[in-house]
Amino acid sequence: MSSAGQSTVPFTIPSVSDEVSDAVVKVLDSGWITTGPQTAAFEQEFADYLGAAHVIAVASCTTALELCLRGLELPPGSAVLTPSLTFCGAINAILHAGHRPVLVDIDEDTLVPSPETVAAAAARTAPAAMIVQNQGGYPVDVAALAEAAGLDRTRVVEDAAHGPGAARGGKPVGSESFAACFSFYATKNMPIGEGGAIATSDEGLQEKVRAMRLHGMSKDSWKRYLPGGSWRYDVKQIGLKANMTDVQASIGRAQLAALPEWQRRRAEIVAAYDAAFRGLPGLTLPQRDLGGIQHAWHLYQVRVPDRDAISAELEAAGVSTSVHFIPANQMTSYRDILGADECARVPVTDRVGEELLSLPLYPGLTSDGQDRVIAALTEALRARS
């Protein structure tokens with residue numbers, strides 16, 4: 001699909017490879033539709049794409065984060081640092097793993113925590129682990145943040161939901177990580193619909209999470225029902241029902257083959273936005289200090305005054321936008337759990353969060369559609385200058 005001929009430019013349209021339909025039909029015809037050979041093939045191909053030692057396919061990025069935290073075997077109730085500008089799933093993963101989120105404020109240029117904000121959060125608690133996030137596709141400096149937190153790399157889990165296609169120093173996100181968690185949700189750069197994956201360089205962690213993604217069973221459940229299979233299995237550690245199916249994996253294999261071209265198109269759209277918006281009064285563009293960094297461009301996030309009114313004006317002009325994310329400290333349940341004092345420790349997140357606006361950015365966005373986005377935002381901002 002594309003935005004051509006539509007009365008409204010959608011915020012996003014999932015990209016779907018031409019190979020997906022045939023791939024799914026083959027899986028359905030095979031009779032093996034749960035975790036099986038397609039899942040194993042997808043894991044290997046995604047590992048090759050990342051340059052990672054191991055990939056374990058799971059049900060979602062949220063379950064990936066929880067499985068990794070469980071795999072760390074931290075004492076119950078441990079403090080886990082997390083960005084305050086993040087998706088609720090990351091906070092839920094910490095809570096479901098039995099631990100306590102500790103919010104870290106962000107740098108207003110990169111929209112991710114800096115060594116300074118991490119050190120400040122670590123100073124008020126005793127963090128046992130940390131989640132870092134490649135927000136919008138910007139690859140964070142994991143080593144610098146781990147050092148600031150006083151943590152070994154084996155206590156850092158990367159939220160790489162926005163990460164496929166990103167690299168730092170020529171190394172793809174996830175290629176050397178202790179644990180990097182990816183999302184294949186419908187809106188992501190490589191959409192499957194649902195699904196996630198864990199990339200790790202650690203043999204021990206991959207063995208733990210591979211077992212825990214299927215209840216902690218010692219034997220794959222489906223293999224028990226095949227000719228020659230045995231009904232005997234053991235549960236040596238408590239896990240989740242978090243496996244990926246072969247139907248999902250077959251979609252993932254087809255989408256992965258198309259991903260490089262989709263990433264090229266995203267970069268092209270970003271370049272056009274940059275050229276059109278540079279110098280526009282009242283507009284702050286995404287971080288551009290990209291020396292040695294390859295941005296994945298999952299999101300094109302700008303900062304604008306009077307964000308909600310501008311978003312409404314763009315919608316009236318036929319351009320849909322979105323906001324990523326509502327800060328975690330502003331969510332009712334988390335405020336109840338963390339307390340008002342903890343939620344007040346992230347002032348930059350609160351201030352920047354009120355200005356962030358995500359513009360349409362997806363491979364199917366046509367030049368005409370992008371021109372409409374540019375014209376609508378330019379008109380709205382110039383009317384205020």
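1. F42 and F46 are four residues apart in helix 2 (residues 37-50), so about one helical turn separates them. Helices here are DSSP runs of H or I with at least four residues, numbered from the N terminus.

2. The structure is a predicted model: local features need pLDDT of at least 70, side-chain atom pairs count only at pLDDT 80 or more, and totals for chains, interfaces and linings use all residues. Residues are numbered from 1 along each chain as its sequence is written, and side-chain values use heavy atoms, without hydrogens and water.

3. Confidence comes as pLDDT, the predictor's score for each residue from 0 to 100. The protein chain averages 94, and 98% of the residues score at least 70. Residues 1-5 stay under 50. Where pLDDT is low, the predicted coordinates should not be read in detail.

4. There are nine aromatic pairs in the structure (ring centres of Phe, Tyr or the six-membered ring of Trp within 6.5 Å). F42 and F46 form a stacked one (planes under 30 degrees apart). Their centres are 5.9 Å apart, with 5° between the planes.

5. Helix 9 (residues 307-316) and helix 13 (residues 367-382) have axes that come within 10 Å and cross at roughly 135°. Axes are lines fitted to C-alpha atoms over the stretch in contact, with angles from 0 to 180 degrees between N-to-C directions.

6. I310, E313 and L314 of helix 9 contact A376, L377, A380 and L381 of helix 13 (heavy atoms within 4.5 Å).

Technical notes. Helices (H or I, at least four residues) and strands (E, at least two) are DSSP runs, numbered from the N terminus. Rings of Phe, Tyr and Trp (its six-membered ring) pair if their centres lie within 6.5 Å; planes under 30 degrees apart count as stacked, over 60 as edge-to-face and the rest as tilted.
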